[in-house]
Amino acid sequence: MFKLFFLLLIISFCSAFDFIFQPGPLVPASKGEIWPKPQHENKLDDGFFSLLPTFFHFNPIGNICNTLTEALDRYRKLIIFNNRRIKEVYYKARSCYEGGDQNFLGYLTSVEVELTGACNDEEYPSFEMKEEYVVNVTSTVQRISSDTIWGILRGLETFSQLIYLTDDYSCHRIGTTSIHDYPRFAHRGLLLDTSRHYIPKEHILKLIETMSYNKLNVFHWHITDDYSFPYVSKAFPQMSNKGAFHPTLMIYEQDFVSEVQEYARKRGIRVLAEFDTPGHTLSWGLGNPDLLTDCHNVPQLKWGPINPIKNTTYDFIFKLFEEIKSVFKDEYTHLGGDEVDFSCWKSNPEINQWMAEHQMEGDYVALQSHYIQKLINHVDSLGLNSIVWEEVFTNGVQLPKSTVVNVWISDDPKTTLKQVTEAGHPTIISSYWYLDILKTGGDWLKFYNADPQDFDGTDEQKRLVLGGEACMWSEVVDEYNLEPRVWPRASVAAERFWSPPDTPKSAQNLGELWTIASRLQEQTCRMNRRGVAAQPPSGPSVCF
Ligand SMILES: *[C@@H]1O[C@H](CO)[C@@H](O)[C@H](O)[C@H]1NC(C)=O
Ligand SMILES: *[C@@H]1O[C@H](CO)[C@@H](O)[C@H](O)[C@H]1NC(C)=O
């Protein structure tokens, strides 16, 4: 019966591609499918439970700490208040009656949560964190288990996604299943640019919360750029006083940075700070007038990149990174280094004289190297690992092997990945997932089909791929259009970063495309129900 229904829908979907129009949603949402797809999921049989929202609770049977109890509380609420769009669902579901169905296994009032390893409220998620977990829902055992709190968080998300509403909204069902899951890549990021538009604080927190619904685990905070410097530095308060769009309303104080990190920690998400230099720093010059290079007769440019020949530059930048080290908890920092325009350096006589005195006459890459090497050495002495944008590598700047190269240029990322990994650098790939580039009507497909390890290289080279990132550059994005632009398009990248490499590339056949599209539709509706303004991914549709 179910299979026939399925088949009919595939046929109707294929028909849509043959331009036979018919009413109803083009892609109906699946029910109780997990996004991103787990590594191993074994649906046991047709048996199912119904959750009684008013009684439902989690029962911790292993180690416990605040991080865990708060997560249990969050997920209990997400499950009980399953539908913010249709308020009566909550009340209707209190009178769920399943009596007549032979596959009905009973009303589920609790699920065990077994954390076997330590639960520590002080520990921050890190690159090395383990996120493996098991969710078992059988007639005899209903349990979420993991060695780590991070795995439990992922398992709770999965468990919450298994629950679906019956068509009349009266019952919250969950089918029997056994899931063993862990991520394909350790680094699964979302970049947010908070310089080109100021993104208000509550929107940053909500973005992080929504990342946890998609098992993304690195919030890459591109906090400053040419247009504004919203980060409030204790050592250099002038930087935001002069460089932010507004000195008190459009800033991120250190208390807020701590709040972001704590909020992210509770959801198993790292906060990766990026203070991009020596280019992309015009706004830095407002708070520190000696920092930037004076351009001499360069059209449209009065100031250029950070001036790399002045000692005061390093006094400033080293002190700033010392503060960054003390404020941000992660062991990685992103140093930027992209799109350094040499025209201003070329125009400046003092810089050319200094270069001649230092045996690098006319070699502006060597000048860039001089700057970035000093910065990397300093950051390294602070105990931080460096990530740089790809130009630092492709320009030929000498880098320590451990420096992570972030590939982003879309022309030929496969060649860059090959070269970066040949040189032994770990890498993160962003090129394929630029959320600011828009194409209407299901543009998620190209995001879905891209693969971080799809390049010509040895297994050892492939292992140097730490993961990927979706990037939300904010030239034309502010708090009003942030959510629909990011979700569910970043969810698609999230599945590519988490799920096994053989998760079908959707273009291969229409049946697979249909399955993925309907799972993505469910994930979108799920985010909508949780109050996230995710946009429709595939075409005419409906969410309940
Ligand atoms: C989960 O279920 C599977 C399959 O029934 C079983 O092999 C495994 O031991 C169970 N794991 C836990 C942690 O309950
Ligand atoms: C800059 O620092 C270098 C190395 O410490 C030193 O030799 C040089 O005299 C300094 N220059 C100025 C202008 O202070």
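Predicted model: local features only at pLDDT ≥ 70, side-chain atom pairs only at ≥ 80, totals over all residues.
Residues are numbered from 1 along each chain as its sequence is written, chains are lettered from A and ligands numbered from 1 in the order in which they are written, and side-chain values use heavy atoms, with hydrogens and water left out.

Let us begin with the barrel. Eight strands form a closed barrel in the order E9-E10-E11-E14-E15-E16-E17-E18, with parallel pairing. From one strand to the next, the twist averages 25°, where axes are lines fitted to C-alpha atoms, for helices over the stretch in contact, and angles run from 0 to 180 degrees between N-to-C directions. The labels are DSSP runs numbered from the N terminus: helices (H or I) have at least four residues and strands (E) at least two. Two strands pair if DSSP finds at least two bridges between them.

Now walk along part of this barrel. Strand E10 (residues 218-222) runs parallel to strand E11 (residues 270-277), and five bridges join them. Here His220 stands opposite Leu272 in E11. E11 and E14 also pair in the parallel sense, over two bridges. Beyond that, three bridges connect E14 to strand E15 (residues 385-389), again running parallel, and His334 faces Ile387 in E15.

How many of the residues of E14 are buried? Five of its five residues are, so E14 is mostly covered; buried means under 20% relative accessible area, exposed means over 50%, and partly exposed is in between (1.4 Å probe, protein chains only). In a regular strand the side chains alternate between the two faces of the sheet. In E14, Tyr332, His334 and Gly336 point one way, whereas Thr333 and Leu335 point the other way.

Glu339 lies in the loop between strand E14 (332-336) and helix H10 (342-347). The UniProt annotation "active site", from an unreviewed entry, covers Glu339; such positions are given in the numbering used here, feature names are shortened, and annotations may be inferred rather than shown by experiment. Is Glu339 buried or partly exposed? Its relative accessible area is 46%, so Glu339 is partly exposed. Leaving out residues up to four places away in sequence, Glu339 touches His280, Glu391 and Trp408, where contact means heavy atoms within 4.5 Å. The side chains of Glu339 and His280 are joined by a polar contact of 2.8 Å. A polar contact is a pair of N or O atoms within 3.5 Å; within protein, one must be able to donate a hydrogen and the other to accept it, and residues adjacent in sequence count only if both atoms are side-chain atoms.

Next, look for aromatic rings. The whole structure holds 32 aromatic pairs. Rings of Phe, Tyr and Trp (its six-membered ring) pair if their centres lie within 6.5 Å; planes under 30 degrees apart count as stacked, over 60 as edge-to-face and the rest as tilted. Tyr314 and Tyr371 are a tilted pair because their ring centres are 6.0 Å apart and their planes at 40°. This pair links distant parts of the chain, with Tyr314 in helix H9 (residues 311-327) and Tyr371 in helix H12 (residues 364-381), 57 residues apart. Tyr314 is buried at a relative accessible area of 6%, and Tyr371 is buried at 0%. Phe342 and Tyr364 form a tilted pair too, 6.2 Å centre to centre with 35° between the planes. Phe342 lies in helix H10 and Tyr364 in helix H12, so this pair ties together parts that are 22 residues apart in sequence. Both Phe342 and Tyr364 are buried.

Thr176 sits in strand E8 (residues 172-181) and counts as buried at 5% relative accessibility. Its side chain joins that of Asp45 through a polar contact of 2.8 Å. Gln523, in helix H19 (residues 510-529), counts as buried at 0% relative accessibility. The side chain of Gln523 makes a polar contact of 2.7 Å with the side chain of Arg526.
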